Amino acid sequence: MRTLVTGGAGYIGSHLVDRLVHLNHEVTVIDDLSTGNLTNLQAVHSDIRFVEATILDADIVETLVGDADVVFHLAAAVGVGHIIEQPLRSLVINTKGAENVITACVKHDRKLLLASTSEIYGKTAKMPMSEDDDRVLGSTTIARWGYSTAKAIDEHLALAHAEHGLRMSIVRYFNSYGPRLDPRGYGSVVANLMRQAIDNEPLTVHGDGSQTRCFTYVDDTVEGTLRAALDLRGEGKIFNVGNDHETSIIDLATTIIAMTGSSSAVQHISYEQRFGKGFEDTKRRIPDVQRARDVLDFNAGVALQDGLQRTLAWWRATHR
Ligand SMILES: NC(=O)c1ccc[n+]([C@@H]2O[C@H](COP(=O)([O-])OP(=O)(O)OC[C@H]3O[C@@H](n4cnc5c(N)ncnc54)[C@H](O)[C@@H]3O)[C@@H](O)[C@H]2O)c1
């Protein structure tokens, strides 16, 4: 099968590309390398076609989509950090760029997998979060909600086109972590804490650290993505793709300190110090994983300790 992966030089995208190559698919990647990196594709570089371009270029996107059977749309300005620092750029990429991809899939009748996010649910207190739940967001004056809103527009657009025949499925990722996460990137908490622990720096925890997340090892993230895209039973549906084991950030920090044998201590910093005034965080974020289990037979099974060990092994092998 011919596949196109937008954002394929990024963290999740490059793992997906590895799997697609391994499964003998023909893979094309479009990436502008804004946060992605060619070293992520080192192992498969000679097996794929890499196009350095932006998804804002509708003509290039249309040509590449036309050459593919299935399109995995992962390119995005990712994460709260980028959205707060560059709200306009992020909104344009995450709406206009996605629209280019979706429109090209419609035009060429190509299957679309849209990568979305648990941020969609906003600050809802309802746990676990189910795919059809209400979204609870803050004011438009708080920049972080722009990411959730842009991804929601993408979902709406894909769902609306599906009513007119677009074959598509949507995955909402929950805190993916693993090798290739870039601690200089948008602020993945696992990557930041691991780097700090290895460098024997204080591990910075926002607030009191009692906020929880469900950390999902990247192999599971990729497996859920593949199943949602390629299993016909997933067509037209939205899936939470995440591990439903809840971990507080303070527990994550102490686990990483123990695992790395670091002499670091935990340093609490306020949200305001890190993200500026008026920042709103979500206290908990737990996926309801029933639909992915029922429809795709998918279960994010890699335990946190195991996934952290694998991430650490990669880190030690590549950061000398
Ligand atoms: N990592 C997570 O836990 C997580 C959680 C929820 C959703 N997601 C979604 O998963 C997808 C992949 O995220 P990631 O974590 O791998 O982040 P990433 O930053 O590593 O990957 C994004 C990729 O898109 C590329 N890109 C950005 N703007 C582009 C543009 N205009 N044109 C072409 N390429 C562009 C970047 O260079 C990068 O390679 C994104 O859609 C993101 O919203 C990730």
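How do the residues of the shell around the ligand divide into nonpolar, polar and charged? There are 15 nonpolar, twelve polar and two charged residues in that shell. Here Ala, Val, Leu, Ile, Met, Phe, Trp, Tyr, Cys and Pro count as nonpolar, Asp, Glu, Lys and Arg as charged, and the others, Gly among them, as polar.

## Model and numbering

This is a predicted model, in which local features need pLDDT of at least 70 and side-chain atom pairs count only at pLDDT 80 or more, while totals for chains, interfaces and linings use all residues. Residues are numbered from 1 along each chain as its sequence is written.

## Ligand shell

The ligand is surrounded by 29 residues, and the closest are Gly7, Gly10, Gly36, Ala76 and Thr117.

At least two residues of the shell come from each of α1 (11-22), β2 (26-31), α4 (87-108) and β5 (111-117). The largest share, three residues, is supplied by α1. Helices (H or I, at least four residues) and strands (E, at least two) are DSSP runs, numbered from the N terminus.

## Packing of α4 on α5

Helix α4 packs with helix α5 (residues 145-162) at an angle of about 10 degrees, and their axes are 9 Å apart. Because of this angle, α4 is roughly parallel to α5. Axes are lines fitted to C-alpha atoms, for helices over the stretch in contact, and angles run from 0 to 180 degrees between N-to-C directions. Angles under 35 degrees count as roughly parallel, over 145 as roughly antiparallel, 65 to 115 as roughly perpendicular and the rest as oblique. By class, the contact of α4 with α5 has ten nonpolar, five polar and three charged residues.

Pro87 is in helix α4. Pro87 counts as partly exposed because it has 16 C-beta neighbours inside 10 Å; a residue is buried if 20 or more other C-beta atoms lie within 10 Å of its own, exposed if 12 or fewer, and partly exposed in between, with C-beta atoms placed from the backbone. Leaving aside residues up to four places away in sequence, Pro87 touches Ala143 and Gly146, where contact means C-beta atoms, placed from the backbone, within 7 Å. Pro87 and Ala143 are 56 residues apart along the chain, and their C-alpha atoms are separated by 6.6 Å.

## Packing of α6 on α11

Helix α6 (residues 189-198) and helix α11 (residues 304-318) have axes 11 Å apart and pack at an angle of about 55 degrees. That angle makes α6 oblique to α11. Val190, Met194 and Ile198 in α6 meet Thr311, Leu312 and Trp315 in α11. This contact has five nonpolar, one polar and no charged residues.

## Backbone exceptions

Most residues other than glycine have a negative phi, and most peptide bonds are trans. Asn24, in the loop between α1 and β2, has a positive phi near 70 degrees. Asn24 is exposed, with 9 other C-beta atoms within 10 Å. Arg180 has a positive phi of about 80 degrees and lies in the loop between β7 (176-177) and α6. Arg180 is buried, with 22 other C-beta atoms within 10 Å.

Met127 and Pro128 are joined by a cis peptide bond with omega about -10 degrees. Pro128 lies in the loop between β5 and α5.

Notes:
Near = placed C-beta within 6 Å. Contact = placed C-beta atoms within 7 Å.
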